[in-house]
Amino acid sequence: MRKKYNLFDILQNNAISLIAVHSFILGYEKVALNNNKSSSPPLSSLFFVLPIIYGESSLKSFKSSSELYTALSKDKSITLGLQERAQKMSNQTLDSINLGFSKKIFKYNKDWSAKSQLIML
């Protein structure tokens with residue numbers, strides 16, 4: 001018989017969280033490239049990835065949207081309490097980023113003329 005996982009089990013899995021953060025960075029860079037910009041997301045924006053994707057209503061909005069702005073404009077409830085959820089999930093976000101560094105999936109770019117960014121390797 002298959003074990004059914006609950007959301008808590010999934011949230012505690014740093015590898016799954018890393019995949020989410022990694023996917024966000026790739027998507028961000030793709031949109032930037034399509035807009036003739038070469039940029040990675042600011043480090044601070046990564047703290048909003050997990051609270052958004054692990055929310056049930058936001059997951060439904062993102063399935064039918066290709067960009068963050070479109071999903072947020074469709075469902076205003078995604079942004080309600082986002083800061084508080086981001087703070088509560090900051091440890092999971094940091095653990096997933098740490099895993100990405102340890103596995104050499106990304107590196108940190110601290111250019112004094114730019115914002116702090118994670119760069120995909």
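Me: What share of the contacts in the chain with a separation of 6 or more comes from residues 24 or more positions apart?
Reply: Such residues account for 53% of those contacts, where a contact means heavy atoms within 4.5 Å. This is a predicted model, in which local features need pLDDT of at least 70, side-chain atom pairs count only at pLDDT 80 or more, and totals for chains, interfaces and linings use all residues. Residues are numbered from 1 along each chain as its sequence is written, and side-chain values use heavy atoms, with hydrogens and water left out.

Me: ok, and which residues make up the largest nonpolar core?
Reply: That core consists of Leu18, Val21, Ile25, Leu46, Ile97 and Phe106, a nonpolar core being a set of buried Ala, Val, Leu, Ile, Met, Phe, Trp, Tyr and Cys residues joined through side-chain atoms within 4.5 Å. Buried here means under 20% relative accessible area, with a 1.4 Å probe and protein chains only.

Me: Which helix gives the largest share of this core?
Reply: Helix H2, residues 14–34, supplies 3 residues, helices being DSSP runs of H or I with at least four residues, numbered from the N terminus.

Me: New topic: how do H2 and H7 cross?
Reply: The axes of H2 and H7 (residues 90–102) come within 8 Å and cross at roughly 80°, the axes being lines fitted to C-alpha atoms over the stretch in contact, with angles running from 0 to 180 degrees between N-to-C directions. The two helices are therefore roughly perpendicular, a label for angles of 65 to 115 degrees.

Me: And which residues meet there?
Reply: Asn14, Ala15, Ser17, Leu18 and Val21 in H2 meet Gln92, Asp95, Ser96, Leu99 and Gly100 in H7.

Note on methods
Buried < 20%, exposed > 50% of the residue type's maximum accessible area, 1.4 Å probe, protein only. Parallel < 35°, antiparallel > 145°, perpendicular 65-115°, else oblique.
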